[in-house]
Amino acid sequence: WSWVSVKAPRCPAATASADALKIVVIDDDPTGSQTVHSCPLLLRWDVQTLRQGLRHPSPLLFVLANTRALAPEAAAERNREIVASLEQALAAEGISDQQLLLVSRGDSTLRGHGVLEPAVLAEELADRFGPVHATLHVPAFLPGGRTTVDGVHLLHGQPVHTTAFARDRSFGFSTSCLDAWLEEKSDGAIPATSVLRLQGDQLDRAAAQRSGEQLADGPNGFSELVAWLEALDGNRAVIVDAERQEQLDALGAAVHHLLGRRRFLFRSAASLINGLVDGGLSPLGPQPIKADALVKLRRRDSAGQRRPGLVLVGSHVPLADQQLERLLSESGCCGLELPVRRIARVLEGGTPDVLLADLENAWVEWMLAVLDRNQTPVLYTSRGELHFGEGPTADRRRLDFGLALAQLTARLVAAVVPRLGYLISKGGITTGSVLADGLGLGTVLLDGQLMPGLSMVRPIAGEGIAGVNALPVITFPGNLGDADTLAKAWSLMELEAAE
């Protein structure tokens, strides 16, 4: 969700300049920075860490909240904590509410706390800065084939509710029509009939006007878009069509144009973030470290030899299964399955700490032996999901177990991290736990994209556990790519080793 943090100005001088803005993104897992580069990602949200992030020269700052891993009550509380700390950090840094865009990034396949989080944010922000005029839902992630056409959300042209992502046991849904989806996920609090739609042709006209094209009919397209947005009031729910980045750039420009006059909240996947940056006066520009140079950031040992990598696969969606099978066919990879059912029995037993410690020691020894052979260990959870029953209690147990499993995986990574040249981590919850709990990081810097949608991050100097300094971590969303994408990412990192 993106909140345009502005109040109606008393005079023209009170309006913030777009080039002074900070776009702060609250990300519900660590993969929402997959279309941008050269900015800090925070894994803590205390006031001091936020203040340091706000001082970075990038217009973007990500806060990796990992709320998709949490039960609803905990997710709500985490959003409240972040907003409270951010308010203090802004005041301490002398940044006014008119200089802030706040974005809460959600999943492009509609999983997560998609209605709860904006409701909490609207409540918190109203207490501090005033009411929200509208909430705009923008789940498009264009490089990944996630588009919204005539109010229907699609994955490579297929209605997303017909894909495996809609069958997620914690966040499943039955419709791709976003107005009906809002009604379903809000338990009727947002009636489908009350939802407005910002149509693709409206955005096309605005984009054409911004590019200087002459239109054969109709008024000034950009002025029309601004007027349409300015008329919104009462925190109206709005769904946004999006098939091309130019449409979202036009929306971002209109949001900038209304700074000081309207306050909006957005439920957004990654592509809108680019629109909010590039629609302003300071476009993000090209990635300074190209993909072929990113692979050269792989760490070396004291003798100058490239260290081997490690691949984690925590995501359990069918696409991840296909990608894992393809990767394990590579002779340079050696797989270790973490038996989920056995781990669940251990956690529910009488002495889980002792039994888990024995298992973890054995798994660490295995990984070290693979690394000694200069192969890539592939650490993955057994495929499929455990069944915890139905209802809120079952959902909470499922999320709690998923978080415990991610933390176990994080400990395994931490045990071998001094030996690693790079890490590829697939699955948002897994990656969030590895970065924060396993590697002990408070902040990482985003270098850019190894492949479309695959970010490379590295710790800042002095952060984290011993041996983690400068480790490249590729954050790999569970829902991204095709059957070959994981193997291609691994091959890119290994290709440089063969040169």
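This is a predicted model: local features need pLDDT of at least 70, side-chain atom pairs count only at pLDDT 80 or more; totals for chains, interfaces and linings use all residues.
1. Val 115 is buried, since its relative accessible area is 16% and the cut-off for burial is under 20%. Val 115 belongs to the loop between β5 (100–105) and α3 (116–129).

2. Gly 157 sits in the loop between β8 and β9. Gly 157 and Gly 145 are twelve residues apart along the chain, and 7.7 Å separates their C-alpha atoms.

3. Strand β19 (residues 473–476) has both of its faces covered. Val 473 and Thr 475 lie on one side, Ile 474 and Phe 476 on the other, and all of these residues are buried.

4. Which strands does β19 pair with, and in which sense? Strand β16 (residues 422–426) runs parallel to β19 and is joined to β19 by four bridges. Strand β18 (residues 454–459) runs antiparallel to β19, with three bridges between them. Ile 474 takes part in both pairings: Ile 474 is the bridge partner of Ile 424 and also of Met 456. This is the Ile 474 that was listed above among the buried residues of β19.

5. Two helix pairs are worth checking in the model. Packed helices are described by the angle between their axes and by the distance between those axes. For helix α1 (residues 47–54) and helix α2 (residues 72–93), the angle is about 55° and the axes are 8 Å apart. α1 and α2 are therefore oblique to each other, and α1 passes α2 in a right-handed crossing.

6. On the α1 side, the contact with α2 is made by Val 47, Leu 50, Arg 51 and Leu 54. The α2 side contributes Ile 82, Ser 85, Leu 86, Gln 88, Ala 89, Leu 90, Ala 92 and Glu 93. Sorted by class, the contact of α1 with α2 holds eight nonpolar, two polar and two charged residues.

7. Helix α7 (residues 245–257) packs on helix α8 (residues 270–278) at an angle of about 50°, and their axes are 7 Å apart. That angle makes α7 oblique to α8. The crossing of α7 and α8 is right-handed.

8. Which residues form the contact of α7 with α8? From α7 they are Gln 245, Leu 248, Asp 249, Leu 251, Gly 252, Val 255 and His 256. From α8 they are Ser 271, Leu 272, Asn 274, Gly 275, Leu 276 and Asp 278. By class, the contact of α7 with α8 comprises five nonpolar, six polar and two charged residues.

Conventions: Residues are numbered from 1 along each chain as its sequence is written. Side-chain values use heavy atoms; hydrogens and water are left out. Axes are lines fitted to C-alpha atoms, for helices over the stretch in contact, and angles run from 0 to 180 degrees between N-to-C directions. Helices (H or I, at least four residues) and strands (E, at least two) are DSSP runs, numbered from the N terminus. Angles under 35 degrees count as roughly parallel, over 145 as roughly antiparallel, 65 to 115 as roughly perpendicular and the rest as oblique. A crossing is left-handed if the near helix is turned anticlockwise from the far one by less than a right angle, and right-handed if clockwise. Contact means heavy atoms within 4.5 Å. Ala, Val, Leu, Ile, Met, Phe, Trp, Tyr, Cys and Pro count as nonpolar, Asp, Glu, Lys and Arg as charged, and the others, Gly among them, as polar. Buried means under 20% relative accessible area, exposed over 50%, partly exposed in between (1.4 Å probe, protein chains only). Two strands pair if DSSP finds at least two bridges between them.
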